[in-house]
Amino acid sequence: MQARAAQDLKARMTDALVEAGLTYAGAVAHHTPRRLVLSVQGLLDQSPTLREERKGPRVDAPEKAVEGFLRGAGIDRSQLQERDDKKGRVYFAVIEHPGRPAAEIVAETLENVVKNFPWPKSMRWGAGSLKWVRPLHSILCILTCDSGEAQVVPLDIDGIKAGDTTYGHRFMAPDGFAVTSYDDYTAKLRRARVMLDADERAGHIWQEAQNIAFSQGLEVVEDKGLLAEVAGLVEWPVTLMGEIDEEFLELPPEVLQTSMKEHQKFFSVRNVQNGDSAGGIVRFITVANIETPDHGATILAGNQKVLSARLADAKFFWENDLRIMRDKGLTGMAEGLSNVTFHRKLGSQADRVARITALAREIAPKVGAKPDLAAEAAQICKADLQSEMVGEFPELQGVMGRYYAQAAGHDDGVPEACEMHYKPLGPGDTVPTEPVSVAVALADKIDTLTGFWAIDEKPTGSKDPYALRRAALGVIRLVLGNELRLSLNARPGTLHSAAHQIGARDRGDHSGYSDTNDLLAFLHDRLKVHLRDEGIRHDVIDACLAMDGNDDLTLLVKRAEALADFLKTDDGENLLQGFKRANNILTQAEEKDGVEYSFGADVKFAEVEEERALFEALKAADGAIKPAMKAEDFAAAMAAMAALRPAVDAFFEAVQVNAENPVVRRNRLNLLGQIRGICLAVADLTRVEG
């Protein structure tokens, strides 16, 4: 909220100032837990005087028309001017809008911005009507001229009068002090133990944390989100490192890190002296907002006491989960999933696990995994949702599944699949590569997609409550990242198998639920977004989507990449124009003649050398393209197609397709049909722009 508020203050103030005629040279906004700051540099001292001309009625117009014009312009008759116009003599009004002092405009603008500020959450306090995120104590609002003279802007918002006074650190420098300029403000704030710039606070915290850890041969676990949050909690960051009681050091490092981050906003410090970059968590770093005579000893003692209580809870959850797992195994831990509803129309989590298991077994051979191992991993992949640890820290789902699976004696990639099957969670997240993990991850996401498609819960506009776009992108990245060859929509295919699982549950039969083409189209839409981010044009993708086998995403992308590279060359771009010319001539002729010109071209009817050369070029291209397409070597197919360019260019330069001789005309149209057929065998170039 702090960073967003600073940007909102900057945007709303500067936009309103410019609209009022006050231009400026630059603006910067800052935020701390106690203040929002905006500095605007190079502001005009007043808005410019503006002259506006309005054309009125004719001089001989009725009096009422003239009086109406005068009222609308806000002037009297003496201010009217007569001018010649195309329609005769007409009245013109010249209206002057005098400039206004900057202080007046700033006061008016700031009051409006404060009273209508877009806080996500706000409160009203006392007897006033103003709503703010916290009780607003004071407003500093000054204008400083080039000579350094400061002027307090006269402003009263809900009883709070603006002034030139501000306050330093709440405890270390609580007294107020006057300032004359932004530079004076920042300098005095620093002396009053306030570091105004959030990026500077974050940088200071991170540098100090690294220095403290490095001095003891340790390393701070990087967490940019936590760093930004902590930087927003303090005005004068004081970085301290504390100890974790030894009895908690055997907890999984992810448990320690999550507990300290979520409950205490602590950074984790790990031991990497043995070269283990994933070493165990051994210390914590906290950031205080005050310097103390004992150099933070009392603060650390209090933090360590609270931390021990939190970690004692985590240790209890961990040990209790291990006891349940030893007594019942992971399948026993997962028993409660039958009482957890996944979706009222899609059954329980246990129903979902059964579907994922069947689908993972089917996918496994296609991704290089053993079916039994994939099914084993799928059966227990959601078990940790019933653990007390995940109940306390939901963000550890999957991670704890790996630990529990290892403790239960599972191996051969099964524990890793318990953790990795949720991934990738976003564009920058890791893509699983181990076969068992890939099989379960695909099964999990495809079951989600087919399930919600079956009950018609599809994303609409910006609404996507079940994160189906993320699931679709996950499928795409899993397939492309591992170069998998899956025919998703073939019969039987992966989408149909998943749909069968849903349909069998709903109707007790094996008829599947519906056509999966709509879901495949959704995957194609997400693929377009993914490839667009990688620089492949939408029309190039459309040209490849129109071809057979477009449910094989790896093949589809391979074709799109080759076509994109082809169109970047001169030969490719020129051949595209030749193809479009041929296709346009053919389309018009076929509509006129009512026949399709796609066969029967014979070189014996060729009249000029360029015509015979095109026959030879088409024969050579066809001989190269067919085996290249069979081998899925799209680059070679595109190269063979590019080789047609000289012959096609020469043909159009030398001959008239619609010749007077009907036999020659028909032969040439059939020759163009060969050009079209050969090109369309590689990609649907009719969909390519240009």
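**Strand, helix and salt-bridge contacts in a predicted model**

Good morning. Two bridges join strand 11 to strand 12 (residues 160–163), and these strands run antiparallel. In strand 12, I160 is the bridge partner of I157. The sheet itself is open, with 3 strands in the order 8-12-11 and mixed pairing. Strand 8 (139–140) and strand 11 (156–157) stand at its edges with a single partner strand each, so one side of each has no neighbour in the sheet.

I turn next to a pair of helices. The axes of helix 19 (residues 553–567) and helix 22 (residues 634–642) come within 9 Å and cross at roughly 35°. The crossing is right-handed. Helix 19 contributes L555, K558, R559, A562, L563 and F566 to the contact, while helix 22 contributes F634, A635, M638, M641 and A642. By class, that contact has 9 nonpolar residues, 2 charged ones and no polar ones.

Finally, the salt bridges, of which the count comes to 43. One of them joins the side chains of D444 and K382, at 3.0 Å from N to O. D444 lies in helix 14 (residues 435–454) and K382 in the loop between helix 10 (371–380) and helix 11 (388–392), so the pair ties together parts 62 residues apart in sequence. Both D444 and K382 are buried. Salt bridges with shared partners join R352, R355, K382, D444 and D447 into one network.

Another salt bridge pairs R58 with D60, at 3.1 Å from N to O. Here R58 is partly exposed, with a relative accessible area of 37%, and D60 is exposed, at 56%. Thank you.

How values were computed
Residues are numbered from 1 along each chain as its sequence is written. This is a predicted model: local features need pLDDT of at least 70, side-chain atom pairs count only at pLDDT 80 or more; totals for chains, interfaces and linings use all residues. Side-chain values use heavy atoms; hydrogens and water are left out. Two strands pair if DSSP finds at least two bridges between them. Helices (H or I, at least four residues) and strands (E, at least two) are DSSP runs, numbered from the N terminus. Axes are lines fitted to C-alpha atoms, for helices over the stretch in contact, and angles run from 0 to 180 degrees between N-to-C directions. A crossing is left-handed if the near helix is turned anticlockwise from the far one by less than a right angle, and right-handed if clockwise. Contact means heavy atoms within 4.5 Å. Ala, Val, Leu, Ile, Met, Phe, Trp, Tyr, Cys and Pro count as nonpolar, Asp, Glu, Lys and Arg as charged, and the others, Gly among them, as polar. A salt bridge is a side-chain nitrogen of Lys or Arg within 4 Å of a carboxyl oxygen of Asp or Glu. Buried means under 20% relative accessible area, exposed over 50%, partly exposed in between (1.4 Å probe, protein chains only).
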